[in-house]
Amino acid sequence: MKKFALIVAGGRGNRMQSAIPKQFIELRDRPLLMHTFEAFLKNDPSFHFILVLPENEMGTWEKLCKTHSFNVKHIVVKGGETRFHSVKNGLAEINEEGIIFIHDGVRPLVSVRTIENCYQTALQKGNALPVMAPSESVREVSGEQNRAVDRTHYFLVQTPQTFRSKLIKTAYTQNYSEKFTDDASVLESTGEKIHLVEGNRENIKITFPEDLIFAKALL
Ligand SMILES: Nc1ccn([C@@H]2O[C@H](COP(=O)(O)OP(=O)(O)OP(=O)(O)O)[C@@H](O)[C@H]2O)c(=O)n1
Ligand SMILES: C[C@](O)(CO)[C@H](O)COP(=O)(O)O
């Protein structure tokens with residue numbers, strides 16, 4: 001089965017407060033985004049890549065690829081207003097049957113095992129969502145009130161969120177809703193059951209400056 005990695009890096013990275021977009025920050029002499037590609041290639045060198053970038057950053061990426069002799073074949077697509085719109089633009093480039101891994105460009109620490117777990121489950125069941133149990137207590141907040149909840153009922157969601165191509169392309173023909181915070185929520189709203197698989201604890205989304213310290217130590 002053909003494998004497509006749709007890497008979304010069309011965001012601004014406002015919470016990182018960095019002069020350059022967080023996806024281009026250098027970690028161990030390479031832009032963060034290149035480490036993300038490499039994580040997929042470690043799992044399977046035959047991956048087909050689609051990369052979503054902000055339109056005004058495409059030139060910078062081209063230069064970075066030259067500077068770092070980054071020769072991994074990939075299609076570059078322009079990002080949209082939200083992650084949903086960026087994914088939609090990327091999906092439009094995939095017109096063959098296969099398994100699509102939709103992955104945040106800023107999660108370079110995804111493991112080979114997580115990618116494999118996602119592949120096997122998506123192949124058998126149509127979709128796979130990597131998750132981790134929270135390691136802290138959880139509280140529900142409602143206005144001025146808050147209460148402890150049973151954390152065994154909750155999981156934290158990672159990427160790559162992985163799907164048979166037809167299923168996810170059809171799901172993304174829906175109109176955008178603010179409830180769509182990830183790809184599984186888009187598919188779920190069509191009535192599909194979502195299948196959970198084990199992610200890896202290091203697979204954090206690089207969001208705040210402190211996350212870079214953690215990533216540098218592990219890459
Ligand atoms: N319009 C958007 C917004 C986000 N993303 C991507 O979705 C992933 C997860 O988003 P997040 O980490 O929140 O990135 P940003 O939106 O860039 O960060 P911030 O919210 O801090 O601005 C990132 O790889 C980001 O580049 C995207 O492709 N297009
Ligand atoms: C897709 C995601 O990374 C799953 O945890 C997450 O929902 C992205 O959230 P963000 O607010 O767009 O960073």
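Predicted model: local features only at pLDDT ≥ 70, side-chain atom pairs only at ≥ 80, totals over all residues.
Residues are numbered from 1 along each chain as its sequence is written, while chains are lettered from A and ligands numbered from 1 in the order in which they are written.

On confidence, the protein chain has a mean pLDDT of 97, with 100% of its residues at 70 or more, where pLDDT is the predictor's confidence in each residue, from 0 to 100. For the complex, the predictor gives an ipTM of 0.97 and a pTM of 0.98.

Now to the ligands, where a residue belongs to the surroundings if its C-beta atom, placed from the backbone, lies within 6 Å of the molecule. Ligand 1 is surrounded by 21 residues, of which G10, G11, N14, R15 and S86 are the closest, and that shell divides into four nonpolar, 11 polar and six charged residues. Around ligand 2 we find R83, D104, V157, Q158, T159, T181, D182 and K205, which by class makes one nonpolar, three polar and four charged residues.

V157 in strand 10 is the bridge partner of V131, and strand 10 (residues 156–157) runs antiparallel to strand 7, with two bridges joining them; strands pair if DSSP finds at least two bridges between them. Strand 7 (residues 127–132) also pairs with strand 11 (residues 161–164), in the antiparallel sense over two bridges, and with strand 12 (residues 196–198), in the parallel sense over three bridges.

Finally, where does P45 sit? P45 lies in the loop between helix 1 and strand 4, and P45 counts as exposed because 8 other C-beta atoms lie within 10 Å, the scale being buried at 20 or more other C-beta atoms within 10 Å of a residue's own, exposed at 12 or fewer, and partly exposed in between, with C-beta atoms placed from the backbone. Helix 1 itself (residues 32–43) has buried residues, including L32, L33, F37 and F40.

Technical notes. Nonpolar A, V, L, I, M, F, W, Y, C, P; charged D, E, K, R; others polar. Helix = DSSP H or I, 4+ residues; strand = E, 2+ residues; numbered from the N terminus.
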